[in-house]
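Hello,

Here is the structure for you to look over. My notes follow below it.

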Amino acid sequence: MTHLGDLMPGAPKPGAPDIDEPAPGRRDALVIGAGLGGIAAALRLRALGYRVTILERCEQPGGRARAFTQDGFTFDCGPTVITAPYLFEELFGLFGERLDDHVELLPVHPWYRITFPDRRHFDYGGTGRSMEEEVEAFSPGDGAGYRRLARRARQLFEIGYERHGAAPFHRWQTMLRAFPAIIRLGGLRSLHALVRRHLKDPGLQRAFTLQTLLIGGHPYRTSAIYALIQHLEQRWGVWFVRGGTGAMVTALMALAARHGVAVRFGDTVSRIVVEHGTVRGVVLENGSMLAAGTIVANADAPYVHRQLLGRKPGLRRWRYSMGLYVLYFGTDRSWPATAHHTIILGDDYKTLLDEIFDGCPVLPQDPSLYLHRPGATDPSLAPPGCDGFYVLAPVPNLQSRIDWERVEPAFRERILAMLEARELPGLRRHIVTQRSVTPHDFARDYLSTHGAGFSVAPTLLQSAGFRFHNRVSGAEGLYLVGAGTHPGAGVPGVLSSAKVVQELLQASQTKSDPGRGKASSALNTLARHGRSFRLAGTLLHRVDLQDAATLYSFCRQVDDLADLAVDAETARIELLRLRAAIAVADPTHPQAAPLLDMAARRRVDLDPALALIDTMVLDLAPIAVEDEAALLRYAYGAAGTVGLMMYDLLGVRDPSGRSYAIDLGIAMQLTNIARDVIEDASRGRLYLPATWLPVHLRAESVALPEHAGPVFDAVCRLLALADRHYRNAESGMRYLPPRPRAAIRVAARLYEEIGRMIMNSGVGYLNQPRTRVSTGRRIWLLGATLCSTRAGGMAPGAMEPHAALHEVV
Ligand SMILES: Cc1cc2nc3c(=O)[nH]c(=O)nc-3n(C[C@H](O)[C@H](O)[C@H](O)COP(=O)(O)OP(=O)(O)OC[C@H]3O[C@@H](n4cnc5c(N)ncnc54)[C@H](O)[C@@H]3O)c2cc1C
């Protein structure tokens, strides 16, 4: 698209001749796997402007969070305890939407009920009584200890979750910074050891440690850092999605579809192609290859390294989380007294856990169970008068070599008998439908290594920087999300891993600039996309340059929204959303936020930004410019608007100079049009006014040799018009303070030079690669312009100011 957002120095339009183009297809992203981590990553990448396709081997999305219906019952396969719902809200917020408009979250009472072999039970959270009262009632004297434990959990939450939960951990410096606090707060101890210090009652000790099982950790071996989960629950509560977690997956997929994320089901990636240390794409099981410059793998992290990248396991021995046996069943009656989440503990809990985590080859005789009864919160998931459940038993993963086909029937009976005895009397007579999964299903369906339920275990030496990194070294452009990577398993963990990847992608555009320290993302976008214009940018004051870069980055994103959308309608919707966000100053819109912040600080009027977007929306339809006035109107919308914003940004408040800023924007845009005539035509866009051409030309025929003469004549006319605007703009330079004046003048000269080169090349330029100004010439122009600026006079060829040419607009 010929759009110029480029009035500021260092800001050629996307695809300008001196662009250091990123690797081809860099903004084409593939996400391997539609688990919650993958879906969240796809949405975050989309919001960053990537063209995203999700490849999922199963026939439905959600991964472990998928759902199924059977005989009138709806079953969630996996996660049912929803904590930190703000992480879902954020995903909708990326696109200016609200979670509440699509999904209803229902509070759960109690959060969990823990039942003990001696028939006592403890209601953990969500009961209306404070947790301290609940603890004190269960075990007199433990209330004060609970208060201390809660304080420690909050401190660990602040370090482990707030400060580092969504922070990239691939650098050892990050680990070094985080470690002292973790050690000080007892992170080297196990969670059970921490809890035991504060609570005397063994039952309570179990109640306050078993949350680690939800992320695949042995409570006696998992680091005390994970006490943060207790605070996470306190902070945001425990929720259930009306319709089940599957309804959340459906809502997220609909959000993705609305915003142009493509999904392919039934496609298994068998290899990630890396060449010269950079990802190139993936090979599917059917042998076909898909190219992409950015790949986010939501597949199991160890599997990605070993199978998809073909890397040797090395010396490190990973410890895997336990396996899961899950039995889904529907009954023709209901058990209304049973809580939504019930944990049924067996007698020898510690031995059971040791056997499970040490890969005992025999299934437990006295298992501990988690029973899910969603009907307690949302009866719609089962037919009237019925109840749907799942019961989950932690079991050894496939490293134990248990022969599941042989032992499963007996194990199922053992579990049902235990449920009957402890929670659901008469159960077996009332089961009308059932289905079970074993670790083999996890290995087969999700390609989970050893059929582990939660990928690698969250031990201290497999957490944060010791876990699989979110950015894969030696494969630039490859990122990991999901349970096996930082921060870890569980819904909040995998959603946060997508945030980490978003941050890494943004940071990759903000790589350190050697000599000048770290630049902002916008500054890097600006620097990466224009070597010659960066020259001009260096003349600006650092703060001005930073904010000019923000403006440039915004213009580029407007272009990307228009150019990278799957179709014109999607582009239109995205542009209008952005427009609305600017109009109402909505700081949650990702592309609007930096612009709004900059505009507020620099008192930049944003009406021109709205006009710019309107022009881009019009530009989505086939373009035919009738006459010179229409051309100038377009050039004003596409670039004169940027001139106006730049004028405000530079702090010039004299209204008399504004028209010259518009003229410079128009001049640059006309140069762009001249340079890109053939390229634009190939996209169905023709900006040369019809009245300038001897015959009626359609965009498709512009490149035909027989039209070269008239097209070049029109281009010359265009450049002459540009020249008049450059001269006028030069007259307006006196409104600018000296430093910005020099920078803007250099930018203008560099752009003008493109026009000169086109004129010198003659008609032949139409068949040549894009016109570009050589490095030597750029430096020479910089010097020459600076000399004339220092001399205080006007650049050669400048005229006395006259009425702004754009006024025809
Ligand atoms: C029974 C159970 C109950 C749970 N309960 C809770 C809970 O209550 N609360 C909570 O917070 N967490 C819970 N969890 C944990 C949580 O569900 C998971 O940690 C989380 O959903 C995993 O998400 P993920 O992003 O890692 O992706 P996964 O769900 O693992 O999805 C990965 C996807 O990638 C696909 N894939 C893999 N390899 C390929 C390939 N080569 N090509 C294409 N596609 C591929 C898979 O098919 C899969 O769809 C539970 C887990 C289970 C199993």
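At roughly what angle do the axes of helix H18 and helix H21 cross? The answer is roughly 25°, with the axes of H18 (residues 542–564) and H21 (residues 607–618) coming within 10 Å. H18 is therefore roughly parallel to H21 (angles under 35 degrees count as such). Axes are lines fitted to C-alpha atoms, for helices over the stretch in contact, and angles run from 0 to 180 degrees between N-to-C directions. Helices are DSSP runs (H or I, at least four residues), numbered from the N terminus.

H18 supplies Phe 554, Cys 555, Val 558 and Asp 559 to the contact, and H21 supplies Ala 609, Leu 612, Ile 613 and Met 616. Contact means heavy atoms within 4.5 Å.

A caveat on the source: this is a predicted model, where local features need pLDDT of at least 70, side-chain atom pairs count only at pLDDT 80 or more, and totals for chains, interfaces and linings use all residues. Residues are numbered from 1 along each chain as its sequence is written, and side-chain values use heavy atoms, with hydrogens and water left out.

Next, Thr 671. Helix H23 (residues 658–675) holds Thr 671. Thr 671 is buried, at 1% relative accessible area (buried means under 20%, with a 1.4 Å probe and protein chains only). Its side chain reaches the backbone oxygen of Ala 667 at 3.0 Å.

Last, Leu 194. This residue sits in helix H6 (residues 191–198). Leu 194 is buried too, with a relative accessible area of 0%. Its C-alpha atom is 9.4 Å from that of Thr 209, 15 residues apart along the chain.

Best wishes

Methods:
Helix = DSSP H or I, 4+ residues; strand = E, 2+ residues; numbered from the N terminus. Buried < 20%, exposed > 50% of the residue type's maximum accessible area, 1.4 Å probe, protein only. Polar contact = N/O pair within 3.5 Å; in protein donor to acceptor, adjacent residues only side chain to side chain. Parallel < 35°, antiparallel > 145°, perpendicular 65-115°, else oblique.
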